Amino acid sequence: GAVIRDVGRAMGLAYGEVDRVAKMVPAVLNVTLEESFEQEPQFAELRKKDPRIDELLTVAVALEGMTRHASVHAAGVVISDDRPLVEHVPLYRGQHDEVVTQWDMKGVEKIGLIKFDFLGLKTLTLLQRAVKLIETAHGVKIDLLHLDMADSKVYELLRRADTQGIFQLESSGMRDLVVKLKPSSFEDIIALVALYRPGPLGSGMVEDFINRKHGRIPIVYDLPQLEPILKDTYGVILYQEQVMQIASALANYTLGEADLLRRAMGKKNPEEMANQEARFLEGCEKNKIPETKAKKIFDLMAKFAGYGFNKSHSAAYALISYQTAYFKTHYPVEFMAACLSIDRDNTDRIVVLLADCRANEIEVLAPDVNESQLDFSVLEGRIRFGLAGVKNVGEGAIEAIINARDSGGPFVDLFDFCRRVDLRRANKRVIESLIKCGALDSTGGRRAEMTATVELAMDAAQQAQRDRAVGQENLFGAGTPKVLPKMSYVRAGEWDELERLRGEKESVGFYVTGHPLLKYTDTLRRYANADTGRLSELRDQSTVRIGGIVGSLKEITTRKGDRMAFATLEDLSGSVELVIFSDLYRQTNAVFKGDAPIFVIGKVDIGEEQAKIIATQAARLEDAAQLFSGTIHIALDASVVPDSKLRDLKELFVRHKGDCSTVLHLRLPGKSETVLALSREFAVAPSDSMLSEINSLLGPTSEILFV
């Protein structure tokens, strides 16, 4: 896929055209182009039809497998024990001016140097922060290495896939696997980490593992010696260590020999495999194991060795997964504060974490000059934003604010703040950012008036600071009181909710005290079928209906002279790029340029790096009903809804005539459901008033679903 895209770019072919060809390559690990041509007949058809595609694929085959670029192993560190490295191996400077060897891992090892992999995990810092926050808030010091590893509440949290922030278990695919597997022991978490990889997922091994765990497939061991080795994985060979243990138990391999067997199986060298098979069968014969069974077990080991994962690696990761899950279960506020602190510079990540806080009813308060620390903190069961999260506010300004607060107590208003904080470190831009994000709300001022008064307050404060510096006696003499008489704010109309939220977004990168989409929750639930967090799970080119805020908009002129645009659509889960071609943009540019939330229908394009949406329709979110063209399903309890109300429903459909098909689901307690697809004369145009009428007519037991 990558070589096709590279060649297409060099040939100047259109992105969409090359993308379609690249996506024809089967999603199989290490598949070659020649194998792809055999498996996918469309390649041959395309090559016959289009000589440019034929040239593209011919060049791609010639270039396939060649070195594309120099890459750096981020964790690999090469060490020499005697002379400087440059006397052993050629070096060069990497992109970030780091010193890198010009030879790869194998070349470095061949000349006798040793390579270590040092893996840094920010999750370890996260755990350390959580421990400190818990100790401060609850007076309890958690010993991470002596947690109860069979805590039922932790496994309940995992089984409901509440895994945001939990190491290794956050992705949507992993959440699906967790729900299916329903982990009930630490061994199951170790297995989750080992199973969620392309090999096991593509081999059917994962489904087999899940079905065995839940008793849908009986667990049978070919030999009794296999049970103690494979019991924890329900009879499935999942770990490299199990391959070694089987060889040791059945064929008397030493652990050194067993490690060589594991290597041979992983590399699938035919000659070495033949030698190993002979050695294995010979060992099994000495233990009176029938050759047919021994051969079957060897083949099984060979099959799974390619997918086998190192259990010690998986267990180490699983331990960190469990520790983070333990904190999220028992100390969710402190845990989420630690998560937010670790990712404070990653806006997309913060948006996801804030959405998770909302879902778990954890209150996140705006930054506050009277309460915030440098980083996120916990106060009375709520998370308080750190001042470091505010744009344009550097650590010097934060230090000046905290020093002034610690020495003189809370700030009583904007004027008091300006008088006491060192304005050489906290300039006008800093103070305006603090006002916009709500950090000065606790002083009693209103954001619009404080913004209009910043210059006046700073001028007065600077004059007072100059007076003090030259030792002038002023009206108050030597004993200046801590709080001077209040000055008046410049009058200004208060910002509405949208302007307030826009100020927060501008100053911290996301919405803090609310979200413009929250009041559209019902609309999104009715008409949307996806959010930005779930796009990568969808089938390529499937139709999506999605709502959000336009974060950025970039217009370009096409070769034909038309205007088209690329936009960033943000919702409660994250963001996605929208591509709006000229035909649609001509009709809807006012929608994309406006401040109001929007609703988009389009095709999801699952690209190499991330999904994007090719928009086909767009409107303001409040008009989402006008774009909906699917089917409306209405379920009702037939035992409590009389025939007269069904007649009224029929009249209601006629009054709201439109193009959306209607389906009735008549339910009777204890009996099967009757589904009636109504004729086109009862097709409707959905609207809020229509839904309100249906709800009041049929009562609270009815349900309305948009498909």
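I took a salt bridge to be a side-chain nitrogen of Lys or Arg within 4 Å of a carboxyl oxygen of Asp or Glu, and a search of the whole structure with that criterion finds 52 salt bridges. I noted that this is a predicted model, in which local features need pLDDT of at least 70 and side-chain atom pairs count only at pLDDT 80 or more, while totals for chains, interfaces and linings use all residues. Residues are numbered from 1 along each chain as its sequence is written, and side-chain values use heavy atoms, with hydrogens and water left out.

**Salt bridge.** I looked up E570 and K505, whose side chains meet in a salt bridge at 2.6 Å, N to O. This pair links distant parts of the chain, 65 residues apart, with E570 in strand β9 (residues 563–571) and K505 in helix α25 (residues 497–508). Helices (H or I, at least four residues) and strands (E, at least two) are DSSP runs numbered from the N terminus.

**Sheets.** I counted two strands as paired if DSSP finds at least two bridges between them. Four strands form an open sheet of mixed pairing in the order β15-β14-β13-β16. Its edge strands are β15 (674–677) and β16 (703–706), each of which pairs on one side only. The twist averages 20° from one strand to the next, where axes are lines fitted to C-alpha atoms (for helices over the stretch in contact) and angles run from 0 to 180 degrees between N-to-C directions. Strand β14 (residues 657–667) and β15 pair in the antiparallel sense over four bridges, and I found L664 opposite L676 in β15.

A further open sheet, also mixed, has three strands in the order β5-β7-β6. Because β5 (364–365) and β6 (377–379) at the edges each have a single partner strand, one side of each is left without a neighbour in the sheet. I noted that β5 and strand β7 (residues 382–384) run parallel and are joined by two bridges, with L365 opposite R384 in β7.

**Surface patches.** I used residues with over 30% relative accessible area and no salt bridge, joining like charges within 9 Å and nonpolar side chains (Val, Leu, Ile, Met, Phe, Trp, Tyr) within 5 Å. Accessible areas come from the Shrake-Rupley method with a 1.4 Å probe, and for residues only the protein chains shown count as cover. V77, I79, I114, F116 and F118 form a nonpolar patch with about 420 Å² of accessible area together, to which β1 (76–79) and β4 (114–117) each supply at least two residues.
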